[in-house]
Amino acid sequence: MRLLSTSALTVGLLLPALPVSADPVESGPWTEYSPTFTVQERGCGDVSDLTFKLTCSTDSGDQRAERRYATYSSGTRQFEGYFKITSLPGTRISLKQTFKTTGPFFMLAVERGGRLYSVHGGDTVATGATIGTTVRVNTVHVVGSVHRTYINGSLKHTVSSESGSFYDKFGAYRTASGQGPATVEWSGIRFWRK
């Protein structure tokens, strides 16, 4: 019996710790759902399940490794995901986007050193997104009203929203002023609506 307990404890210590998905960050009622997605690989982008890589250091062209989810045009939507940057020789890489079908709307990006910022406007959203650190991101989008971004459960950024059609994207995408290489691992992806 002692041998069995020791073996179970040893195996337990060897398993990687995965993030535990949390409840939605705002009051509901929320309905969880699973939108369809497509994988986007362009330039030196490479996607392997939930690992997203930019393998080159070019500062031009379309370099992306992302998941693009189904379009929505009404109601309130919430995205949740956890990212961990495992390599970032580059800088200014977009991690999560709420994209309008007519053009960019909100893009959360990271600079080398761990500053998270809004690409449009340059506002600092949070700090501490350093290599090896797991960060929880939630976005709550009330179409035609407001878009809020939470980091590790705390509200960090708010911007007004127009009406229209939008979709969620995440992964690793070179911004206009950025460059790779970069490797980002995502996990705990969930969606809700109300």
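Strands, as I use the word this morning, are DSSP runs of E covering at least two residues, numbered from the N terminus. With that settled, let me turn to the structure above, which is a predicted model.

I shall begin with confidence. The mean pLDDT of the chain is 91, and 89% of its residues reach 70 or more.

Seven strands form an open sheet with antiparallel pairing, in the order β2-β5-β14-β7-β8-β9-β10. Its edges are β2, residues 37–42, and β10, residues 124–126, each of which pairs on one side only. From one strand to the next, the twist averages 25°. Within this sheet, β7 (residues 91–100) and β8 (residues 103–110) run antiparallel and are joined by 7 bridges. Thr98 stands opposite Phe106 in β8.

I now come to one residue, Arg67, which is found in strand β5, residues 64–69. Is Arg67 buried or exposed? Its relative accessible area is 11%, and because buried means under 20%, Arg67 counts as buried.

What surrounds this side chain? The side chain of Arg67 makes a polar contact with the side chain of Tyr69, at 3.0 Å. Leaving aside neighbours within four places in sequence, Arg67 is in contact with Phe37, Thr38, Asp49, Leu50, Phe52, Asp168, Lys169 and Phe170.

Thank you; I welcome your questions.

Technical notes: Residues are numbered from 1 along each chain as its sequence is written. This is a predicted model: local features need pLDDT of at least 70, side-chain atom pairs count only at pLDDT 80 or more; totals for chains, interfaces and linings use all residues. Side-chain values use heavy atoms; hydrogens and water are left out. Two strands pair if DSSP finds at least two bridges between them. Helices (H or I, at least four residues) and strands (E, at least two) are DSSP runs, numbered from the N terminus. Axes are lines fitted to C-alpha atoms, for helices over the stretch in contact, and angles run from 0 to 180 degrees between N-to-C directions. pLDDT is the predictor's confidence in each residue, from 0 to 100. Buried means under 20% relative accessible area, exposed over 50%, partly exposed in between (1.4 Å probe, protein chains only). Contact means heavy atoms within 4.5 Å. A polar contact is a pair of N or O atoms within 3.5 Å; within protein, one must be able to donate a hydrogen and the other to accept it, and residues adjacent in sequence count only if both atoms are side-chain atoms.
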